[in-house]
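Subject: Structure for your review

Dear colleague,

Please find the structure below, followed by an account of what was found in it. I would be grateful if you would read the two side by side.

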Amino acid sequence: MPSVTLRGIVKRYSDVTAADGFELTVNDREYLCLLGPTGAGKTTALRVIAGLTVPDEGTVLFDGKDVTSLEPEKRNAVLLSQTYSLFPTMTVADNVLFGPDIRKVSEGDKEQMLVSLLDLVRLTSRAESYPRELSGGMQQRCALARAIATSPDVLLLDEPLRALDARLRIDLRRELKSLARTLGLTVVHVTHDQDEALMMADRIAVMRAGRIVQVGTPEEVFNEPASPFVANFVGQSNFFTGTVVCSGPDGAMVEDHLGRRVKARPTDVPEGQKAVLAIKVGHTHILKREAASLHGRIERMLFEGRVVHVDVDVEGVGRFSSKVPLSYHGRYRVGDEVGIGWNRNKAKIFPYPEGGLQNELRVD
Amino acid sequence: MPLVELKGVSKRFGKVVASSNIDLRIEDGEYVTILGPSGCGKTTLIRMIAGILEPSEGQVLIGGRDMDGVPIEERDIGYVFQNIALFPHLNVLENVSYGPIAKDAGQEEQRTVPAQYLGLVNLLDRMKMFPSALSGGEQQKVALARALASGARILLLDEPLSALDARVRMDLRYELRRITKDLGLTVLHVTHDQEEAMTVSDRIVLMRRGRIVESNTPEMMYRAPKELFTANFIGETNLLDGVVVASGDERTLVELRDGSVMGAQPGRFEPGDAVVISVRPECVRVADDGLSAVVRSMSFMGTYIRITAEAESEDILGFDVRVPRGRDFNIGDHVHLGWSMESALVYPRPPGGIAEAVKLE
Amino acid sequence: MGSGDGLLEFVSGKGFRKGWTTFNIAFFLFFIILPTVFILTYAVTDWSEIRDHVLNDPATMDLIIGAVVVSFEIAAIVTVIDFMAGLPLAWMMARKEFRGKQFLDTLIDMPLAVPTAALGFSAAIFWAATPNPPPFSLAVISSPMVLVILLHVVFSYPYMVRSLTAILGGIDETYETAGRTLGASRLTAVRTITLPLFRAGLVTGAILCFARSLSETGGTIIALATLYGRRMVEGDFHTGPTLIGLWKDASVSDASLLPALSFVSILLILLALVLLLVLKLVIMRVRLPMRKVWPTPEKLLSRGLFPKLKDSSALLFLFLMVLVPSFFIFTYVLTGTPSQADWGPFADALVTSFVIASVVTLIDLVMGIPLALYIAKNRSGKLAQLLDVLVNVPLIVPTAALGFSLGLFWSNFDPNASVPMVLIILAHIAFTYPLVVRNVVGAVEGIDPAFEETARTLGATPLQSFRRVLFPMIKSSILAGAIMAFTRSLGETGATLAVVASANTAPVYIVNLVNQQSYYLAAMACIVLIIISYMFMLLLRRFTREEVV
């Protein structure tokens, strides 16, 4: 039985539509990431589940029961806000035990709960500190302990790692995920960071402009994007515009106005239709100029640590990017003429988006 | 003569030491990133250069001139704030024009310069709009244009991208470097994001707890960090406790906690020294023999899979495999891990332990 | 489980909450707003009376128009003076850190602790050229208008400085710094960036200041009485409120003054409301010159001697024009000639004042907090916005007119005014209630709604979430509002007199003493009142400083 289901959720404010009729199902014990740019409506979705925002239309079901008009305090769906909202007048211990206190849990049980929770989030020595005395990472862990203390049916995290340093974020991702797994929690985690979503989610729901554009496992969303937007948002992609030619069971090609042809996996888009090919930056390779149908000059190389990001200026197309491992670094220089190629099964063909490619890829 | 120089600069707020004995030289035209965790003193540093804060000790020199007593408005620096700070009551064009107007530049200049820089960031069509109508990324570009339009030769960027979405950040990064390099400006860019630092800088200055830990090109900081903190902070790495067994010109042999002996780069060590090995995940390979470990978790990272394994020594190692190979592994599998000697670096073990030495907060 | 829980369930229920909110709003409208503006209905119901006895009587009209015009002139002058003197000080408080800042903070608020009657008397004997001026006094002022201006400057000063400080504190200094990094001198940055952002706050400060001066009754009466050396009569210099005070007093025996009394009140109220609306619009529309920059002179003024001069003059002003006149009364006690006193009646009056102040504050809290919560949490609702505006009305209406209107309103229900105490309490509630509401609204608006929302998702009902989460965070603001209300009630003179001419509160007692020229006794009484008020002010400071958020 799925834990949470949202159906046909619509929410409009005077100048913006935060939710434009979307559906979402979160399964029991699942870690679902709601991924999308700022303003996509992710926080609204979270608030609708929590009961803090009442949708204009649509239903919210918890384990099959309609809770659309049920008050937040009766839902057992705990929200952890971006700023953690630790109650400033209470100590860490009081904060963590807030939920159990309300539920009138016995003193003995509360004691036990506190000890094990603080141990879990490594804040045992800080039980009597006040939130303002804690660092960012500690505050986040305290907020987490507080949320878990009530054994929520679903844990709602609103960009929980956003306020932290980049480095800390990476470390805490692992902690958060393992905590959720150990406790068997159902989690809906909102983020704008695709790395985070890929790393943490059992399933990812990509949102944009109040709608859910794709739901799937990280592999599915990464390798089988439903639209050019998803192809570029979850892992950067290169795009090649042209017309579909030579479509068959082994694959298809796209030909541009200069007669160049590039290969992709089989597609449903009919031959002769204007289309765009998407290939992930990480799936392309730099080749000798003669070995590829697309070539150009290296216009920029950006050091990213484990890899070097290479931008090639392909004539008539624009920028095509690739990554080379650090060990290959010395082989190429800015200005070199190189080719770009890829395994045809990694490339996908989409119908050319209405409104143009630029518009489709916009993130703000 | 370096364009910006700090000599023995310290800054105290009451009892808190924000900066401690900083020596720094920035040459004309350099793009330098000041990188470090929150609270390391990086923002304090550029504020002292800007004149927003006065150092408790030491000298700040710009163009060879001691800046003691020189107010902000006379230092000829451009500053982009973390939280943007566009004047809400002025539209985009008026914001960008503020510099030339405040300096009472000629009529001609007041008219052409702002439009020129707005064009540079591709926001001419937003001229008449007010800041609140723009997205985060657009606001930041306007802030950049505004700082540039004031004609400053030195640009100070205070975590300019931190408030933006991950995707917008990536796009804007390249723009920052491209525009400032094209204009031949000197840039000091403060950030806590090491990936950002690596991509945009000529040189990275890594700070921790008010001090400069290390300073070098991004590549050197990544390939050959001199300090353990650097090795951990920049990029990802595996850190393993061990004791030196043999030390030579070509390699160092280190015995790890579970008894296995692994090779690493040569260094000035004596047998018996307590050390730490640092080897990056992309350099760790599954081998026939080597460190014995059990697969604990696997994460899909898009173009590779990160596998975490626990060795008998209880060290946790991460290593990467290409996506198709991911099917060969399952949680609980026993594997042997190894690496080439050149890819492993050795450091003296810090007295307080590894965790303390690389701690971020 | 049990009946206790059952009750709690009921109280937390939606139905009860709606009912309670409606009751609160009804209380506010009926007990506070309606009586305050009731007098305006007289313009309709008693139009013929007013037309015959007032509009057609040139002498009375002259008197009234003259007094009202003078009131507005004084209020305008006072607002300008307080702005110019208060801005540098507000700047120091909002932007700078220096030793003794806490102390300065206390000093600025001091005039609030001094009851208006006491302050009027103290300022008067300091400034006024009376026949036998006490030692150390300046005694240079013989013009009643100037005296009143000087007095009102003192009253309004804390309101202006506090409003400005709060607004300045709310404007991120980063904007100014950004301007300076772009090459603007400090003065240019302030003028072109901070001041425009400041405008909305400026309006609030100016309105409060203007209204306070327009409204001021008790202190003014005493000051003028001291200057003249006797009770005031019709031929004297009058402000609108003093005229009301005089006529209210006289109307006890002469009912024919009622139309005139009504007319003055109506005029004052209407003009005040209209002018304030105009003020708000004007200040928001005026475009300050931005294009014009004068870098060289502005640079000069930004550094060196000028800022120091500006700060020292502001401090000098505070000391000489505000603090010394307020506390001059203490020296008077030392140098004046003692006289025998019967402290019995004063003690009675003091007790009465305390009882009234306590009851008033309690009712303010119980009825005001829920309304404040409603306004703060329903920001987008039309009703909440309307209430937000209405709450300020009793503050703007001159206390004398307010008292009079209130008295008339309640006399419809109780023609013999059988329990004057109740009337006084109702009058005091009218102008202290907004203080509590504004404080609480301000505090709640400053708190991220995420706190309570998180509490709700953790299982807390709205009531539990208020009690455990919100209340601790606004506790000190509630207390601040309560203490403000208490001291205001304790010190209020004009409204008390206007609603029940024979009232027996401590400030009224002082007024009578002054009218009888028992100056020494009046001074002693003032001092006692000041000390008590000041202790409460200290309490206020202690609690607001403990603010955790």
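Helices (H or I, at least four residues) and strands (E, at least two) are DSSP runs, numbered from the N terminus. Counted in this way, the secondary structure of chain A comes to 10 helices and 20 strands, and chain B has nine helices and 19 strands.

This is a predicted model, in which local features need pLDDT of at least 70 and side-chain atom pairs count only at pLDDT 80 or more, while totals for chains, interfaces and linings use all residues. Residues are numbered from 1 along each chain as its sequence is written, with chains lettered from A and ligands numbered from 1 in the order in which they are written.

Chains A and B overall

The C-alpha trace of chain A spans about 75 × 50 × 35 Å along its principal axes; for chain B the corresponding span is about 75 × 45 × 35 Å. A residue is called buried if 20 or more other C-beta atoms lie within 10 Å of its own, exposed if 12 or fewer, and partly exposed in between, with C-beta atoms placed from the backbone. Of the 364 residues of chain A, 48% count as buried, and of the 361 residues of chain B, 46% do.

Two residues are in contact if their C-beta atoms, placed from the backbone, lie within 7 Å. Among contacts in chain A between residues at least 6 apart in sequence, 66% join residues at least 24 apart. For chain B, again among contacts between residues at least 6 apart, the share joining residues at least 24 apart is 64%.

Sheets in chain A

Two strands pair if DSSP finds at least two bridges between them. Chain A holds an open sheet of four strands in the order β2-β1-β4-β5, with antiparallel pairing. β2 (17-26) and β5 (65-66) of chain A each have a single partner strand and stand at the edges, so one side of each is left without a neighbour in the sheet. Strand β1 (residues 4-12) of chain A pairs with β2(A) in the antiparallel sense over seven bridges, and A:Thr17 in β2(A) is the bridge partner of A:Arg12. Helix α1 (residues 42-50) of chain A packs on this sheet and touches β1, β2 and β4 (57-62) of chain A; its direction makes about 120° with that of β1(A). Axes here are lines fitted to C-alpha atoms, for helices over the stretch in contact, and angles run from 0 to 180 degrees between N-to-C directions.

Further along chain A, strand β11 (residues 237-245) runs antiparallel to strand β14 (residues 274-280), and seven bridges join them. In β14(A), A:Val276 is the bridge partner of A:Thr241. β11(A) is also joined by three bridges to strand β12 (residues 252-255) of chain A, again antiparallel, and there A:Glu255 is the bridge partner of A:Thr243. The hairpin of β11(A) and β12(A) has six residues between the strands, and in it A:Cys246 takes a positive phi near 50°.

A covered helix in chain B

Helix α2 (residues 92-102) of chain B is mostly covered, with nine of its 11 residues buried. Among them are B:Val92, B:Tyr98 and B:Ile101. Just after α2(B), B:Asp104 takes a positive phi of about 55°.

Where the chains meet

In the contact between chains A and B, 29 residues of chain B touch 29 residues of chain A. On the chain B side, the elements that give two or more residues are α4 (136-149), α5 (166-183), α6 (194-200), α7 (218-223) and β15 (285-300) of chain B. α6(B) gives the most, with four residues. Ala, Val, Leu, Ile, Met, Phe, Trp, Tyr, Cys and Pro count as nonpolar, Asp, Glu, Lys and Arg as charged, and the others, Gly among them, as polar. By class, this side of chain B has 10 nonpolar, 11 polar and eight charged residues.

The contact between chains C and B takes 18 residues from chain C and 20 residues from chain B. On the chain C side, α9 (173-181) and α10 (186-215) of chain C give two or more residues, and the largest share, seven residues, comes from α9(C). The residues of this side of chain C divide into nine nonpolar, seven polar and two charged.

Yours sincerely
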